[in-house]
Amino acid sequence: MSGHHTIAETEKAVQAKLGAVPLHREQMAAVSNIHRAATAIRQHLENSVLRTSDLTWTGFVVLWVVWIWGEMETRYVAEEAGISKGTLTGVAKTLQSRGLLERLGHPTDGRLAVLRLTPEGEELMAVLFPKFNEEEVFVSDPLESSEAQSLAEMLRRMVTHLEANGEQRRLDLRGDTPLPPRRSGRRAKHG
């Protein structure tokens, strides 16, 4: 279970709370279930195969990005991993201290940094990823291969739609309203 309540309990509570509100229920259920599935899958992977390698989800994703793409500027690693540059700094320091990742100066711009896997990081990913993939198989076990392929294609269409149209949609929704600064979620310290 990915939360305190099961998916069936949550669906029932949403229906009770929002039953009379005019909504696009199929789309709400699709997006809600994507989020809930992603959370449940992440928790399962963190508490199984990643835990045996003493990795968090974010640490694994950073290693994955650098493993797949090779040496890369930190700003692009953060973007690909879907995390802030500040979060990447902490994760990269942890991975460096474990000897899995190296932080190097940029070859042409001293203000920038580049990340690359160490030989130990390469070896870990080569051993870990097949185990990770076995858990992907376990997670998707209720689906036939053709259903898994269809689900992957449907999700891919949603992602490519957001890649192509999401920025303009966000600009349209905001209008001329300036964005508030991003917050880390931490409370301000009072002196």
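## Helices across the sheet

Helix H6 lies across strands S2 and S3, and its direction makes an angle of about 120 degrees with S2. The model described here is predicted. A further helix, H4, spans residues 57-69 and lies across S1, S2 and S3. The angle between H4 and S3 is about 85 degrees.

## The sheet

The strands form an open sheet of 3, in the order S1-S3-S2, and the pairing is antiparallel. Strand S1 (72-73) and S2 are the edge strands, each pairing on one side only.

S1 and strand S3 (residues 113-117) run antiparallel and are joined by 2 bridges. Across this pair, Met 72 stands opposite Leu 115 in S3.

## Gly 99

Which residues does Gly 99 touch, once neighbours within four places in sequence are left aside? The contacts of Gly 99 are then with Thr 118, Glu 120 and Gly 121.

Leu 143 gives a further reference point for Gly 99: the two residues are 44 residues apart in sequence. In space, the C-alpha to C-alpha distance between Gly 99 and Leu 143 is 38 Å.

Terms used:
Residues numbered from 1 in each chain as written. Predicted model: local features only at pLDDT ≥ 70, side-chain atom pairs only at ≥ 80, totals over all residues. Heavy atoms only, no water. Contact = heavy atoms within 4.5 Å. Pairing = 2+ DSSP bridges. Helix = DSSP H or I, 4+ residues; strand = E, 2+ residues; numbered from the N terminus. Axes fitted to C-alpha atoms, helices over the stretch in contact; angles between N-to-C directions.
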